[in-house]
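Look through the sequence and the fold shown here. Then read on, one part at a time.

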Amino acid sequence: MRLGKVYISTKYVVDLDDKSMVDEAKTCMFEDITNAVKYDELINWIKVKEDNSLSEADIPEFLKDEGEDKIEDETVDVIASGYEWECPHCETLNNEIELTETVMCSNCYKHFNITDFHHAYGNH
Ligand SMILES: [Zn+2]
């Protein structure tokens, strides 16, 4: 990682002991920036510069959050580890580790044929 900064580049060298010169420079800079915004030129003032005196902790949070939803390069295998079904007799929710032709309710011990099965998907 190379650290650097994005900044607006504008400066006037002044005599700090001359208060009216400092005020004049501040007024000029304000007008310059206002004009730059007005004429859509402020983007040209924005500079990018490498700066080794900075640390990663100086990066503002709102910039770091940018990559939060990034999808990684690796892929995963999804393994269904069970099947749920609701007993039509006693409404008990049963879990099967593997699918067989019939299922038996863990509560009322009645047997049922399986007619169809659905995959549960998330909303994404
Ligand atoms: Zn049952």
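## Helix 1: buried or in the open?

Of the 20 residues of helix 1, how many are buried? The number is 0, so helix 1 lies largely in the open. Keep in mind that this is a predicted model.

The length of helix 1 can be checked too. Its 20 residues, at 1.5 Å a residue, should span 28 Å. Helix 1 covers residues 19–38. An α-helix has 3.6 residues a turn, so residues three or four places apart point the same way.

## The whole protein

The protein has 2 helices and 6 strands. Along the sequence they come in the order β-α-β-α-β-β-β-β. The protein has 124 residues, and 0% of them count as buried. A residue needs 20 or more other C-beta atoms within 10 Å to count as buried, and 12 or fewer make it exposed.

Contacts also reach along the chain. Take the contacts between residues at least 6 apart in sequence. Of these, 32% join residues at least 24 apart.

## How confident is the prediction?

The mean pLDDT of the protein is 85. A value of 70 or more is reached by 90% of the residues. Which element has the highest confidence, and which the lowest? Helix 1 is highest, at a mean of 93. Helix 2, residues 61–64, is lowest, at 82. Where pLDDT is low, the predicted coordinates should not be read in detail.

V6 sits in strand 1, which covers residues 4–8. Which residues does V6 touch, apart from its neighbours within four places in sequence? The contacts are I46 and V48. V6 and K47 are 41 residues apart in sequence, yet their C-alpha atoms are 5.6 Å apart in space. V6 still counts as exposed, because it has 9 other C-beta atoms within 10 Å.

Next comes the loop between strand 1 and helix 1, where V13 lies. V13 has 7 other C-beta atoms within 10 Å, so it is exposed. V13 and A25 are 12 residues apart in sequence. Their C-alpha atoms are 8.4 Å apart.

Is D40 buried or exposed? D40 has 8 C-beta neighbours inside 10 Å, so it counts as exposed.

Strand 3 covers residues 83–86, and strand 4 covers residues 93–96. How do they run? They are antiparallel, and 4 bridges join them. Together they form a hairpin, with 6 residues between the two strands. At one place in this pairing, E86 stands opposite L93 in strand 4.

With 10 C-beta neighbours inside 10 Å, E91 counts as exposed, because 12 or fewer is the cut-off.

## E84 and its partner

E84 belongs to strand 3. Which residue of strand 4 is the bridge partner of E84? The partner is N95. E84 and N95 are 11 residues apart along the chain, and their C-alpha atoms are separated by 4.7 Å.

Set aside the neighbours of E84 within four places in sequence. E84 is then in contact with L93, N94 and N95. Even with these contacts, E84 has 11 C-beta neighbours inside 10 Å. That is why E84 counts as exposed. In a regular strand the side chains alternate between the two faces of the sheet.

Key: Residues are numbered from 1 along each chain as its sequence is written. This is a predicted model: local features need pLDDT of at least 70, side-chain atom pairs count only at pLDDT 80 or more; totals for chains, interfaces and linings use all residues. Two strands pair if DSSP finds at least two bridges between them. Two residues are in contact if their C-beta atoms, placed from the backbone, lie within 7 Å. The expected span of a helix is 1.5 Å times one less than its number of residues. pLDDT is the predictor's confidence in each residue, from 0 to 100.
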